[in-house]
Amino acid sequence: MNLRYAAIKLLRAMLTLWLVVTFVFVVLRLTGDPTQQLLPDDVGPEIRAYYRTAWGLDRPLWEQYGRYFEAALRGDFGISFRNKQPAIDLIWQRVPKTLELGLATFFCAVALGIPLGVLAAVWRDSWVDRLTMSFAVFGFSMPNFFLGILLILLFALNLRVLPSSGYGTWQHMVMPVFTLATAFAGAIARFTRSAMLEVLSRDYMRTAEAEGASRLRRVWLHAFPNAAIPVVTIIGFSLGGMIGGAVVTENVFAWPGVGRLLTSSVADRDLSIVQGIVVLVAITMVSANLLVDLAYGWLDPRVRVGGRERSR
Amino acid sequence: MSAVRLGLGGPAIDHPGSTAAALLQVRGLSKRFTLPRDTLFGPRPELAAVDDISFDLAAGETLAVVGESGCGKSTVGNLVLNLLSPSGGSIRFDGEDLAAADDARWRERRRDLQLIFQDSRSALDPRLTIDCQVAEGLEIHGVATAADRAAMAAAMLEAVGLGGDLARRYPHELSGGQQQRAVIARALVLEPKLVVCDEPVAALDVSVQAQVVNLLRDLQRNFGLAYLFISHDLSLVRHVADRVAVMYLGRFVEVAECEALFAAPAHPYARALIGAVPAARSRHGRRVPPLRLEGEPPSPLNPPSGCALNPRCPFATDLCRSDRPALRRLADGRSVACHHAEALPGAVVGPDIQPARAVS
Amino acid sequence: MSAETAGPTVPQASEDTPRKPQAGAWHMPLLVRLSAGLLIIVSVVALLAPLLAPYGYEETDLLYRLKAPFWSPLSIEGHVLGTDKLGRDLLSRLLIATQVSIALALLGTLIGAALGTVLGVVAAHRGGIVDEIVMMLVDWQAAMPFLIIALSVLAFLGNNFYLFLALMGLAGWETYARLTRSLVLSAREQGYAVAVRALGARPLRLYGRHILPNVIGPLIVQLTLNFPQTILLETSLSFLGLGIQPPLTSLGQMLGEGRDYLLTAWWLAVLPGAVIFFTTLSMSLFGDWLRTRLDPTQR
């Protein structure tokens with residue numbers, strides 16, 4: 001991998017982050033007086049005036065932007081008006097719970113999706129293949145709030161084997177993880193399948209076959225490592241969909257994570273928290289994309305500088 | 001990329017042989033492509049596809065540009081038509097400096113400057129019928145009424161042999177030769193003064209090639225067209241061209257009357273090129289002495305110093321390795337870019353008294 | 001590499017114009033036929049919902065609340081699918097909600113397609129800094145989960161119908177922009193595009209009459225793939241209570257309301273959910289089928 005490629009990707013990542021932070025600033029200013037948004041409705045005009053000065057809203061716009069930007073760099077997004085605590089603290093409290101859900105989903109989806117995709121490619125047009133593709137289409141079309149509700153109906157209300165919502169034991173995790181992992185695993189399986197099919201049709205696979213390598217050996221030692229590169233990419237790019245899905249899933253199962261904090265904050269217009277979460281998501285996404293890009297450049301030396309090779 | 005005048009334009013008097021009434025005057029035309037950097041802060045590598053080319057073309061005349069693929073001959077055509085913007089030099093057409101023309105002016109001028117492609121299949125929009133595409137040029141330039149335009153298109157198609165039912169077909173319903181006729185009709189219905197023919201028959205069967213070439217010649221006679229004829233096919237060029245320019249690595253190395261060039265090419269590269277054609281014989285039936293060049297053409301990214309041909313030329317001297325020869329005029333009127341053109345074994349012409357930069 | 005291939009005008013030997021499919025290629029498998037049938041029904045419902053609905057979707061009847069649908073012995077006459085917590089007729093609400101959800105998704109998809117296509121053409125045509133800016137926006141939007149963007153905009157600007165519609169349109173514009181840009185860039189180098197430029201055509205004619213009609217196939221396929229995504233976005237937001245607001249209703253909003261009655265009246269949530277699922281499923285299956293017909297290289 002060459003340095004220029006890495007430098008350009010890093011620069012783009014920083015640029016994206018800067019755009020997100022600026023976007024939040026611009027949209028917030030567009031809405032008019034931030035004291036209207038950030039303070040409770042019942043405060044008097046003198047308090048508003050006090051905060052206007054304290055927050056520097058009487059300053060020129062560029063200076064406000066500078067202050068805002070500097071505060072954002074420190075992770076300071078202001079005080080939540082619901083809880084009267086710094087927004088960043090409230091967000092950090094929720095992060096481990098969402099990570100717990102996200103990591104469990106990630107492992108389940110990968111553990112399910114990759115073997116399914118490989119088998120579907122190896123036994124193309126068999127029942128395994130059909131099952132996998134049906135599963136992928138199902139995962140793509142099924143809204144996760146509906147899947148979650150069906151699961152609650154079946155396992156919590158009728159069979160009574162799992163708690164319908166909440167957080168704490170491993171039983172609480174089963175349904176949210178299943179809900180979130182379905183679409184993700186389907187996408188991974190579908191992508192793995194087509195990557196494998198492409199690799200399996202290449203000449204060196206035929207060579208390996210002619211050399212008498214066993215089928216298992218051919219698939220695991222020759223085909224899979226080559227198919228792995230695009231698969232890593234799709235896993236990275238699916239992260240966005242997973243974050244969106246997590247917001248909905250946490251709401252269905254009353255999971256006390258960042259997603260639920262976000263929706264309740266949006267409903268209450270607790271803007272400090274919304275700002276903080278948007279920037280946090282942006283950092284996560286940009287870092288993940290950067291890692292994928294760098295991994296891709298490292299795994300595949302053919303990646304050219306400045307190429308927009310990724311397609312979705 | 002704006003066209004930079006290199007100051008090579010000058011008055012026509014600097015270029016003996018050029019007529020003041022030349023339809024197209026090209027002076028010092030260059031095109032450099034900038035490639036992406038290969039290191040983080042390194043310079044962007046440049047590739048000179050066309051380098052300091054000058055020529056004149058009179059109304060009704062055919063100038064052929066020949067050379068191997070990759071020598072930049074198609075780029076010359078694209079530059080003349082402003083489908084690419086030149087990096088330097090000037091193009092005067094019909095007395096107007098086209099480098100100064102803006103987009104709107106260019107759109108008007110395109111009526112007089114048309115193009116015939118090599119790949120006629122891709123040159124036609126697959127979703128529109130032939131008559132529709134032929135009439136489109138008239139529509140763009142707001143010529144006549146819709147009904148008149150349809151009649152003009154039909155007449156033009158008739159003239160190229162695509163009358164009646166054929167005119168209302170889609171491109172994929174036509175044969176290769178018919179498609180090329182449609183492309184010719186589309187270019188000529190605007191009654192242009194100059195047509196750039198970029199390998200116009202290379203994609204056709206040999207039997208069809210002759211028909212299309214004859215059609216081009218008939219149309220030239222009827223409409224007084226000037227052709228800039230770009231081709232790698234020397235036997236074809238010999239058949240159609242009045243004058244021929246031989247191109248190597250982005251530069252003209254020899255410009256001569258067609259008959260004179262094929263009888264006795266002066267530049268070593270022209271000799272190699274023409275000597276390779278089995279049918280190339282001089283007027284007296286004597287074969288052009290075959291000349292074999294060693295190796296492959298060098299990369300245009302990294303051209304050799306001095307004469308671009310020197311690593312391959314059997315006659316190369318130290319002078320050839322250090323100084324790039326300018327295109328100069330020989331006694332019989334041709335122009336050659338070779339230090340030793342008169343002294344080479346088998347040379348047929350002596351030196352001219354006055355040196356010239358270009359142009360026959 | 002030759003000098004000519006380095007230049008930007010050299011036609012690539014790429015074959016991206018959709019070839020004429022053979023007659024047999026349009027054979028529809030059973031599943032695709034079922035999908036097409038369902039999509040037709042959904043379209044009819046979306047068009048004629050107010051005529052089909054037996055009651056007004058806002059008509060409350062507090063005497064008949066949470067009545068069961070026809071398959072239950074507790075069902076009552078006149079309400080085929082029963083009633084909700086305010087005694088509103090579920091069938092009528094379901095029809096109207098389908099209309100609202102489909103119309104929103106369709107409008108949103110079309111707005112996004114138009115915006116993305118125009119920006120993609122502009123980026124490809126102008127190149128340079130314009131291209132960089134458009135592609136930066138594309139990368140930016142692709143980098144952020146759109147649900148998060150939508151939620152933050154709704155938080156900052158407050159919810160109203162037109163803002164919500166605009167958000168539906170912004171979802172997915174970047175896939176069209178990216179697709180259009182790459183299609184146009186390769187089509188521009190095709191002989192016919194160069195020829196039309198050489199005739200002296202203005203950009204509007206070049207793109208509108210020649211290039212776009214030639215690359216419309218992949219764009220339409222993209223439309224069928226984006227449509228289910230837009231439905232899912234609308235229903236997700238409405239489900240969270242942050243999209244379509246009462247008294248107006250949508251499938252997601254009905255489902256969100258119905259989840260409080262899972263134990264007693266599960267159909268309140270399951271019926272709208274089933275409509276969403278089968279609609280997106282049919283659209284995906286149909287879109288996939290269309291894509292394999294138009295582009296044999298994709299699986």
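These are my notebook entries on a predicted model.

**Entry: the sheet in chain B**

I began with the strands of chain B. I found an open sheet of four strands, in the order E2-E1-E4-E5, with antiparallel pairing. Which strands of chain B are the edge strands? I noted strand E2 (46–57) and strand E5 (96–97), each of which pairs on one side only.

I then looked at one pair in detail. Strand E1 (residues 24–34) and strand E4 (residues 88–93) of chain B pair in the antiparallel sense over five bridges. I located B:Ser30 opposite B:Gly88 in E4(B).

Next I asked what packs on the sheet. I found helix H1 (residues 73–80) of chain B there. H1 touches E1, E2 and E4 of chain B. I wrote down about 65° between the direction of this helix and that of E2(B).

**Entry: two helices in chain C**

I turned to helix H9 (residues 203–239) and helix H10 (residues 251–258) of chain C. They pack at an angle of about 35°, and their axes are 7 Å apart. I checked the hand of the crossing of H9(C) and H10(C): right-handed.

I listed the residues that meet. From H9(C) I have C:Glu234, C:Thr235, C:Ser236, C:Leu237, C:Ser238 and C:Phe239. Across from them, H10(C) brings C:Leu251, C:Gly252, C:Gln253, C:Leu255 and C:Gly256. I sorted this contact by class and got four nonpolar, six polar and one charged residues.

**Entry: chain C against chain A**

I looked up how chain C touches chain A. Here 40 residues of chain C are in contact with 44 residues of chain A. On the chain C side, the elements that give two or more residues are helix H4 (128–143), helix H5 (146–157), H9 and helix H11 (267–294). Which element gives the most? I found H5(C), with nine residues. By class, I recorded 29 nonpolar, eight polar and three charged residues on this side of chain C.

**Entry: the domains of chain A**

I took the bounds from the domain assignment of chain A: domain 1 is 3–74 and domain 2 is 88–304. I found 14 residues of domain 1 in contact with 14 residues of domain 2.

I followed the domain 1 side of chain A. Helix H1 (3–30) and helix H2 (34–38) each supply at least two residues to the side that touches domain 2. The largest share, 11 residues, comes from H1(A).

Note on methods. Residues numbered from 1 in each chain as written. Chains lettered and ligands numbered in written order. Predicted model: local features only at pLDDT ≥ 70, side-chain atom pairs only at ≥ 80, totals over all residues. Axes fitted to C-alpha atoms, helices over the stretch in contact; angles between N-to-C directions. Left-handed = near helix turned anticlockwise from the far one by under 90°. Contact = placed C-beta atoms within 7 Å. Nonpolar A, V, L, I, M, F, W, Y, C, P; charged D, E, K, R; others polar. Pairing = 2+ DSSP bridges. Domains from an automatic or database assignment.
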